Every structure is written in C-alpha cells, then in structure tokens.
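Here's a quick briefing to read alongside the model. Have the structure open while you go through it.

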Amino acid sequence: MVSRTIPVDCFDLVLFGATGDLAARKILPSLYRRFLAGQMPEDARIIGAARSEMDDQGFRDLVSKALKEFVSKGKRDADTIDAFLAQCHYITIDATGDAGWSQLKGMMRDGVVKAFYFSVAPSLFGALAERLRGHGIACEDSRLVVEKPFGTDLATAKQLNADLAASFDEHQVYRIDHFLGKETVQNLMAVRFANVLFEPLWNERYIDHVQITVAETVGVEGRGAYYDKSGAMRDMVQNHLMQLLCLTAMEPPTRFEPDMLRDEKLKVIHALDPMAPSDIVRGQYKAGEQASYVEHAENPESRTESFIALKVGISNWRWKGVPFYLRTGKRMSRRLSEIVVQFKETPHSIFEREGHVPANALTIRLQPDEGMDLSMTIKEPGPGGMRLVNVPLDMTFADALGPDGEEIPDAYERLIMDVIRGNQTLFMRGDEVEAAWAWTDPIIKGWVERRAQPYKYAQGTSGPEEALALMHRDGRRWRDLTEE
C-alpha cells in the first residue's frame, strides 16, 4: 500500500522553549521527519525562540544534536539534514519583557501560515500570548499550540483559558495531547463509524465492560519533585485516559468535523457518574531493584499516587450499566497502552461439553506496537472432535499498512501538520478541559480531606492487589500485563 503524504502550505513556526527537552526529543525530530517525507515546503521556516543567547548557527548545532540523538540512523541523510537546518533560525526573546519582540515581528512574513508553539511552562502562556498580540505579531489567522498541563484544577484551567482568550480566539488555540495523534486512536473512530460490523454492537446490550490501560515501566526519577505535585490522576487520567474514554464512548457526530466531534466528547464527560471512594484504588511503588517512589520524589511523607485504577460509570442510554475500568501506573511489569472492549458471552452455548466459550474482545493497541485484534472462538484444527480454541484476528499497523516497512509516523508529526492545516479535530477545546477538571476535582478533594494513603505495590508488577479486587468483586479480571 502506498502512503499519501499531503504537502502543507508554507509556514513560519515560532517555537518558544526551543532549547528545552521537549523540543529536542519530540518537536524538532518530528518536523525533520515531515521534511524528509516531503511534506514541508522548501521555504517553510522554524524560528527557535528562548531566553538563551544564541545565533542561527548555534541553534542549528543544537537541532543537529537533537536529530542525531532522537532520529533513527536510517532516516538521517546528511544532505537532507543540511537542507532542514537551513530552514532553522533563532531569536533571543524575553517572555515577560520587551526584549526581542520587535526583532521577531520583523522576521515574520506575510502570506504564510503563522504558528506559535508554546513549549514552555503554563505560567508563561498568558505573557507570551499577550506580547504576540500586543506587538502585532499574531493575526486573525495565526495558530497557537499549547502543551499540557492545562491547569492543575478547575480554577487554574479556567484562568489559563481566560489568559489565552484575552489574545486569541478559541478557533486559534490548539491544546495538544499526543495520545490523540496516535494512529490507533484515530482508527478507533474509523472502526466504529466506518464499519457496520461494530456500531450496532457498541452499547450496553452487547458489551460487558471496557478496560483502558496505560502502563509504564519507568518511574518518576529525575522529575519526582514535579510529579509529586501532580500524581497519576492529574498527569494521566484527567487528560490522556479521559480522551480515550470519550472516543470509545461518544455518539457518532453528524459529520467528521472538529467541533462536532468535540461536542460529542463533551457530552460523555458530562454524563460521567460521580466517583465513590470504593471505586478508586491508588498505589505507590515501593523500593525494589530501583529506589521507591518517595525516594524519587524526595518526600518521605508523600501521599501522591504513582498508580491509579478506577471503575467509571456513564449515565446515558448507550452505556448505562457498563463499567469502564481505567488504570495507569509507573514501574509496571510492561510498557503498554490499550483499550479492550469486552463483549458479553453468548446468551446460550450449545458447546457445554466442550467447556467454557470465551467471550469476544476487541483490543486496540496504542503502544508499543500499534494495531488491533479481535478474539474469536473457533474449532481447533484436527480430527479430535469439536474442541474450541480462542484465537486473535490480528492486525499490526506497521505490517499491514506500512509500505516497505515504513515506520508509523510519530503522533507529534501528525499533530504539528494538523496545526499548519488548521485542523482542530485531534485537539482539545477549552470547555472540554474544564469539564474534565470539574469531574476530577471532587475526587482529589476527597483524598485530601480523608488524608488517604496510597497502597504500596512492588515494582515490575500490575499494581497493588487492591486494584485486582476492584474487578474481582464484579466477577471480572484485568488483562494480564505479563501476557504478550
């Protein structure tokens, strides 16, 4: 299958925080790979902006180093890198003062897409947006990209939205969540809404429950002090897992358009049931081969969770009575992100002598190997009678769709190009962010008031035993993280 790389319009992309870690690891390598794929125009420009004193050549040296470290060797072509570096420029700028802004205005061109990427702390969003507008750099067609966290609670999220709204309209703001850029996440919508096979079954009559798992093998070392003020609920559930839940549970939009899609996601958030303490399990990894969470956080009294599991209900006609089980954690046995739609068992089995017939399950894998499989029960080949076995109908995207083994593009590659196109489908809207915090805040407030302690769990496991009990009490079980 031949992939289609659709070129984008000429653009000036100003990357604030260009000397930071995210720029080096994700943003700049993603832009290079799109350049290598022929998607970036030859006259597009990337303008790095930060407080560090540096000239164009210094910035190009920094970009070159990032590409060497974070782009695979097979994609590092010397001539292509040189051509890409020629499109990179730099300006020293004061985010909270006036230095550099007049020079930046002079660098911007008319007649091209103007995009501004805030790869900086959220505390600087308002100041940067105000100066872009005040110095006449941004215009009505400019696009503004902001990274999470979008606040730490409802009040701070509202303030961030207000700060951005003072200088930019909502249709200009792109709140980036890299999970939404993953190929499998977008294919979830295609599977549901482009195939008559699934949509009639996508409801409480046929689905027993849904599991959403984002497990990581890494801990919080190196950023423990920051993480300790956040925790798994703020860092993962309120944004990433919430988005996966919404895309799984939402109603079909009338058309595949950004606001129609986001309207349906918002309805799901508004339909979420309030959480009971008995439906939440929090965990914190203890010392093992690596140091414990509290050692990494440098806070022996920490009650912050590095693991969380929740049983979530949705009060609408489609999903009433269908639990959504969410879990995410650090120092787990395996790196894995997946959505499992567990269908109900057949109402009557004619194969009682052959033992239990497993119910069908659709598994959507987000990482590490993007794809999906549908478990089916079939007769085991051979003359030994009607022996039933459960087998997966498996599709790995890299094998099924990648031409000549071509890598599936990184989520940031797709999302940045969507910004240039002006397509907000895979970005969160302000009211969506606020609704998610309105649901999350009472849960966190309850922990604080009860001074709730997280359960300890061993590193390299599936989390605390109490998380297993969360499903066992309902006669269900989590997918085993140790299974390949």
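α9 passes α14 in a right-handed crossing, meaning the near helix is turned clockwise from the far one by less than a right angle. This is a predicted model, where local features need pLDDT of at least 70, side-chain atom pairs count only at pLDDT 80 or more, and totals for chains, interfaces and linings use all residues. Residues are numbered from 1 along each chain as its sequence is written, and side-chain values use heavy atoms, with hydrogens and water left out.

**The helix pair**
- Helix α9 (residues 231–249) packs on helix α14 (residues 430–450) at an angle of about 140°, and their axes are 11 Å apart.
- On the α9 side, the contact (heavy atoms within 4.5 Å) involves M233, R234, Q238, M242 and Q243, and their α14 partners include W437, W439 and W447.
- The residues of this α9–α14 contact split into 9 nonpolar, 3 polar and 2 charged.

**The loop arginine**
- R223 sits in the loop between β7 (207–215) and α8 (224–227).
- R223 counts as partly exposed because its relative accessibility is 32% (buried is under 20%, exposed over 50%).
- Beyond its neighbours within four places in sequence, R223 touches D235 and K330.
- R223 and A297 are 74 residues apart in sequence, yet 7.6 Å apart C-alpha to C-alpha.

**The strand pair**
- Strand β11 (residues 336–343) runs antiparallel to β12, joined by 6 bridges.
- 7 of the 7 residues of β12 (residues 361–367) are buried, so the strand is largely enclosed by the rest of the structure.

How values were computed. Axes are lines fitted to C-alpha atoms, for helices over the stretch in contact, and angles run from 0 to 180 degrees between N-to-C directions. Helices (H or I, at least four residues) and strands (E, at least two) are DSSP runs, numbered from the N terminus. Ala, Val, Leu, Ile, Met, Phe, Trp, Tyr, Cys and Pro count as nonpolar, Asp, Glu, Lys and Arg as charged, and the others, Gly among them, as polar. Buried means under 20% relative accessible area, exposed over 50%, partly exposed in between (1.4 Å probe, protein chains only). Two strands pair if DSSP finds at least two bridges between them.
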